[in-house]
Amino acid sequence: MLSDPIADMLTRIRNATRTHKETVDVPASKFKEQLAKVLVQEGYVASYERLLPEGQKFDVLRLTLKYGAKREQVIKHIERISRPGRRAYVSAENLPRVQRGLGLAVVSTSKGLLADRDARKQGVGGEVICVLW
C-alpha cells in the first residue's frame, strides 16, 4: 500500500524519462488521469490512455513520454510540493512562477486541476501538487 500515490506517479515518470523509455504505466485513478491531462495540454507528455492489461484486476494509465529532436528530456525536473504530511496551499496572488514562467506548477483548485497560468487567469488558488520544467 502506498502512502502517497501521486509521488509514486511522479517518481515513475522521472525514472522513465531518465532512462529514455517510450511509455510508463501508472496505477490509474481519476486524480492521476486529470494530472496526466494537464501534462499533455502543457506539452510535457505526448499522450495518455487508460487501459486494463490482460491478467490484471486494475486499470493503468499508460503515458507516452515526449523527447526533443536529439532525444533530450522534455521533463528535466519534476517534484512533489504538497505532501500528505505537509500540504501547500496558496492564494491566486501567490501562485508560484516556476523558472520565471518557463516551467509548470500544477494546482488543485475548486475548478479541477489547472496549470498555474490558467489558475492565475481564472483568479483561483488552491493546493500546489507539483512543479516541473
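**Reading the contacts and spaces of a predicted model**

In this predicted model, Glu22 and Arg71 form a salt bridge in which the closest N and O atoms are 3.1 Å apart.

Reader: Why is the contact between Glu22 and Arg71 called a salt bridge?

Author: The term requires a side-chain nitrogen of Lys or Arg within 4 Å of a carboxyl oxygen of Asp or Glu. For Glu22 and Arg71 the closest N and O atoms are 3.1 Å apart, so the pair is within the 4 Å cut-off and is called a salt bridge. By this rule the count comes to nine salt bridges.

Reader: How do you know that the charged end of Arg71 sits over the ring of Tyr67?

Author: The charged end of Arg71 is 4.5 Å from the centre of the Tyr67 ring, and the rule asks for CZ of Arg within 6 Å of the ring centre and within 35 degrees of the ring normal. The distance is therefore within the cut-off, and the contact is listed as a charge sitting over the ring.

Reader: How many aromatic pairs does a search of the whole structure find?

Author: The search finds zero aromatic pairs, and therefore no two rings of Phe, Tyr and Trp have been counted with centres within 6.5 Å.

Reader: Why are β1 and β3 said to pair?

Author: Pairing needs at least two bridges between two strands. Strand β1 (residues 23-27) and strand β3 (residues 60-65) are joined by five bridges and run antiparallel, so they meet the rule; Pro27 stands opposite Val60 in β3. Strand β2 (residues 45-51) is likewise antiparallel to β3, with six bridges between them, and here Tyr48 stands opposite Leu63.

Reader: What makes one space a cavity and another a pocket?

Author: In a cavity a 1.4 Å probe fits but cannot get out, whereas a pocket is an open set. The largest cavity has a volume of about 50 Å³, and its lining includes Arg14, Gln73 and His77. Helix α1 (residues 5-18) gives the largest share of that lining, three residues. The largest pocket has a volume of about 150 Å³, and β1 gives the most to its lining, with three residues. Five nonpolar, one polar and four charged residues make up the lining of this pocket, among them Arg12, Asp25 and Phe58.

Note on methods:
Residues numbered from 1 in each chain as written. Predicted model: local features only at pLDDT ≥ 70, side-chain atom pairs only at ≥ 80, totals over all residues. Heavy atoms only, no water. Phe/Tyr/Trp six-rings, centres within 6.5 Å; stacked < 30°, edge-to-face > 60°. 1 Å grid on protein atoms, 1.4 Å probe; cavity = no way out; pocket = protein on both sides within 12 Å on 5 of 7 lines; lining within 4 Å. Points joined across faces, edges and corners; volume = space filled by probe spheres on them. Helix = DSSP H or I, 4+ residues; strand = E, 2+ residues; numbered from the N terminus. Nonpolar A, V, L, I, M, F, W, Y, C, P; charged D, E, K, R; others polar.
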